Amino acid sequence: MRAESRLRAAHAALAVAFLAFGAIDGTWAARLPAIQHGLGLNSGQLGIVIFAVSIAATASLPLAGWLTSHRGSRGPAQLGLLVCALGLTLAAFAPGLRTLVLSAGVLGAGIGLADISANAHGVTLEDRVGRPLLSGLHGSWSFGLLTGSAIAAVAAAAGAGPKVLFPAVAVGVAGVAVLVMPRLLPGAEDAAVESARFALPRGALALPAFLTFCSMFAESATMNWSAVFLAGPAGAGAALAAGGVVAFSVAMAFARLGGDPLTVRWGVGGLARRGGFLSAAGMLLAITTRSPAPALVGFACVGAGCAAIVPALFRVAAAAPGIAAGAGIAAVATAGYTGSVVEGPVIGFLARGIGLSGALGLVVAVSAAIALLGPRLERGG
C-alpha cells in the first residue's frame, strides 16, 4: 500500500511538472509580439529567435537521454525546468537580438532536457502501475500551455510586459522543480528507459515520419506565429493577440481528451484525414479573413485538428513490421523535431518576402498533405 501511495504521489508530481513545462511554452509564445516590438525585430529576426529555441532543444536531446539512462530521470527533469526558468528570465531582459538568441538557446536547452526526462519518467511510472499514463500527462502539458498563454493575455491587458511576466512565471516554475518534483521516483529506482536517439526514417516508417513532420510543423508554426499574426496583419491589441495561443491551447487540450476513442472509431487514416482537413480549413480561415475573431476560430481549429495526430502516428511507428518499437518512435520523432526546428526560420524569412499571411499558407499546405496522405497508412503506404 505504501508503494502504491508513492506511485500516486509521483504521478501527481509528474503531472504538475508537465503543466509547468507547458506553461513555459504558452507564456513564451503568447508574448513573442511584445519581445518583437520591444527590440524592433523584423519577421526574419524573430524567426532566428524561434529557431534558436528549436535547435537548442533538439541538440539537448542526446544529453537528456544520456543523463536519464545513467542518473535516472528525476534529476534531469528538475534541471530542465530550472534551465527553462533561467532562459525565460534572461530573455525578458535581453537588450538586443544577439543576447535574445542566446537566451532563447538556454530556454530551448531546458525544454529538451525536460521533454525527454519527463517522458522517460512517465514510461517508468507506466511500467510500475501497469497502465497507460502518457496520454494524460501530455494533456497536462496542453492545459499548462493554456494556463501560460492565458496568464500572458491577462498580463498584456494589465500592461505588464515580459520584464514582469517572465520572471514571475520563472519563479513559479522553479518552485515546481524544487518543491514538487522531489516526489518523483528517485534515480536509483528509475526503471531503465531507452536513451533518446535519432534514426533515419525509411521504408514502412517513411510515410508516418513525413506526416509527423507536417503535423509538428503546423503545431509549432501556429503556436509561435498566431500571436504575431493577430498583432500584425489582423490588427488586434496586445491582450487579444496573446489570445491566439489561448484559443489554440484550449482546442488542443480538450481534443486530446477524445483522441484515443476517435482513433479507435475512425482508424489512424480517418483521424488524419479529418484532422488534417480541419487544420487546413482553420488556418485558411485565419489568413484569408485577416480579422481577429475568425482568426481565433481558425487557430482553435488547427489545435483541434493536430491534437491527436502525432500520438496516433507514434503508435503506427511502434507497430511497424520488422522494426523495434523504440526505433520506430525515434525515427518519426526525429522527423517531428525537424519540423519544429525548420518552422521558425522558414516562416520568418518567407514572411519578409510575401508577408506573414502568405507564409502561414505553408500550414495549410502541410495540413492538406496530412489529410490527403494519411489514409494511405491503412492501405500499407
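A salt bridge is a side-chain nitrogen of Lys or Arg within 4 Å of a carboxyl oxygen of Asp or Glu. The structure holds one salt bridge. The model is predicted, with a mean pLDDT of 86 for the protein chain.

**Confidence**
- In the protein chain, 92% of the residues have a pLDDT of 70 or more.
- Among the elements of the chain, the lowest mean pLDDT, 74, belongs to helix 4 (residues 61-71), and the highest, 97, to helix 16 (residues 361-373).
- The pLDDT is below 50 over residues 191-198, a stretch that has 22 contacts in the model beyond near neighbours in sequence.

**The salt bridge**
- Glu-4 pairs with Arg-8 in a salt bridge, and their closest N and O atoms are 3.0 Å apart.
- Both Glu-4 and Arg-8 belong to helix 1, where they are four residues apart, about one turn of the helix.
- Glu-4 is partly exposed because its relative accessible area is 43%, and Arg-8 is partly exposed at 46%.

**A buried charge**
- Arg-31 sits in the loop between helix 1 (2-30) and helix 2 (32-39).
- Arg-31 is buried but has no salt bridge; the nearest side chain of opposite charge is that of Asp-25, 15 Å away.
- Leaving out residues up to four places away in sequence, Arg-31 touches Ala-152, Ala-156, Ala-160, Gly-161, Pro-162, Leu-165, Phe-166 and Ala-238.

**A nonpolar surface patch**
- A nonpolar patch on the surface is formed by Leu-82, Val-178 and Leu-179, which together have about 290 Å² of accessible area.
- Leu-82 is part of helix 5 (residues 74-92).
- Leu-82 counts as partly exposed because its relative accessibility is 37%.

Notes
Residues numbered from 1 in each chain as written. Predicted model: local features only at pLDDT ≥ 70, side-chain atom pairs only at ≥ 80, totals over all residues. Heavy atoms only, no water. Patch = residues over 30% accessible without salt bridge, like charges linked within 9 Å, V, L, I, M, F, W, Y side chains within 5 Å. Areas by Shrake-Rupley, 256 points an atom, 1.4 Å probe, with all protein chains shown as cover. Helix = DSSP H or I, 4+ residues; strand = E, 2+ residues; numbered from the N terminus. Buried < 20%, exposed > 50% of the residue type's maximum accessible area, 1.4 Å probe, protein only. Lys, Arg positive; Asp, Glu negative; His and termini not counted. Contact = heavy atoms within 4.5 Å. pLDDT = per-residue confidence, 0-100.
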